[in-house]
Amino acid sequence: GSLLMVIAAIVTERAMYLLCLCARMTGATSYGEVGKAAFGKPMEYFVSLLLFVILQFALVAYMVLLPDIWTAVLHLWIPDEYKIDKTFLLLIIIIIMSPFFVQDTLYALRFNCYVSFGSVSMLCLALCYRALVSTISSEVTTEVAKEKEEVPLKSWSNSADDILFAFPIITLSFLGIFNVLPIQNSLRDPTKGRIQLIIDGAIGSSFVLMLLF
């Protein structure tokens, strides 16, 4: 898993930087325009279709996850015997988040990025703390010990199918290549060095965070 993450991070970093170089050479401002400059108008439509499909599936995944996450949170205050309607809960979440859906640029959502990364970082630190405490603790329950015996830690997968199944999931950790061009366009002085620094910082911090998880 760690090796696949290294490969995914390198591939993503190179792809983002090359996309920025292509945009600078062609004067394109979006992923679709880069495709148009390279292969003509049909490629712009094809790239737009690919982005539409992948973003729709990402939205579906988030829509499925959100009610599950917030149902568990709400049950901290609401007794378990009260059943929470997940569809109604999802509708409320969409209404609350709707002002963010109509923003013109990613720059308008910059504070959301800080909050999101901060919350995920807190979760990661909490997991690392719990792992450290459980590792140094001498009180290990019989169930945990038995489970460790039955499921040994695997350093390497012995199934090629498992690797092919896991790699797309890992690459999702770095999903956002198409967002790099709006970021480059919003910079006051988007030199190659500054773009490289931003990309390396973004991918590097995401890699460290996901590797800790």
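Predicted model: local features only at pLDDT ≥ 70, side-chain atom pairs only at ≥ 80, totals over all residues.

On the side of helix H1, the residues in the contact are Leu19, Cys22, Ala23 and Thr26, and they meet Tyr31, Val34 and Ala37 of helix H2. Sorted by class, the contact of H1 with H2 comprises six nonpolar residues and one polar residue, with no charged residues.

As for the geometry, H1 covers residues 2–26 and H2 covers residues 31–39. The two helices pack at an angle of about 65°, and their axes are 10 Å apart. The crossing of H1 and H2 is left-handed.

I turn now to the charged pairs. How many salt bridges does the structure hold? There are three, and I shall take them in turn.

One of them joins the side chains of Glu13 and Arg14, at 2.8 Å from N to O. Are these two partners buried or exposed? Glu13 counts as buried, because its relative accessibility is 13% and the cut-off for buried is under 20%. Arg14, at 36% relative accessibility, counts as partly exposed.

Another salt bridge is formed by the side chains of Lys41 and Glu44, with an N to O distance of 2.9 Å. With a relative accessibility of 16%, Glu44 counts as buried, whereas Lys41, at 36%, counts as partly exposed.

The remaining salt bridge brings together the side chains of Asp68 and Lys86, at 2.6 Å from N to O. Which parts does this pair tie together? Asp68 lies in helix H3 and Lys86 in helix H4, residues 86–101, so the pair links parts that are 18 residues apart in sequence. Here Lys86 has a relative accessibility of 40% and counts as partly exposed. Asp68 is also partly exposed, with a relative accessible area of 39%.

To close, let me restate two points. The contact of H1 with H2 has no charged residues. Thank you for your attention.

Conventions:
Residues numbered from 1 in each chain as written. Heavy atoms only, no water. Axes fitted to C-alpha atoms, helices over the stretch in contact; angles between N-to-C directions. Helix = DSSP H or I, 4+ residues; strand = E, 2+ residues; numbered from the N terminus. Left-handed = near helix turned anticlockwise from the far one by under 90°. Contact = heavy atoms within 4.5 Å. Nonpolar A, V, L, I, M, F, W, Y, C, P; charged D, E, K, R; others polar. Salt bridge = Lys/Arg side-chain N within 4 Å of Asp/Glu carboxyl O. Buried < 20%, exposed > 50% of the residue type's maximum accessible area, 1.4 Å probe, protein only.
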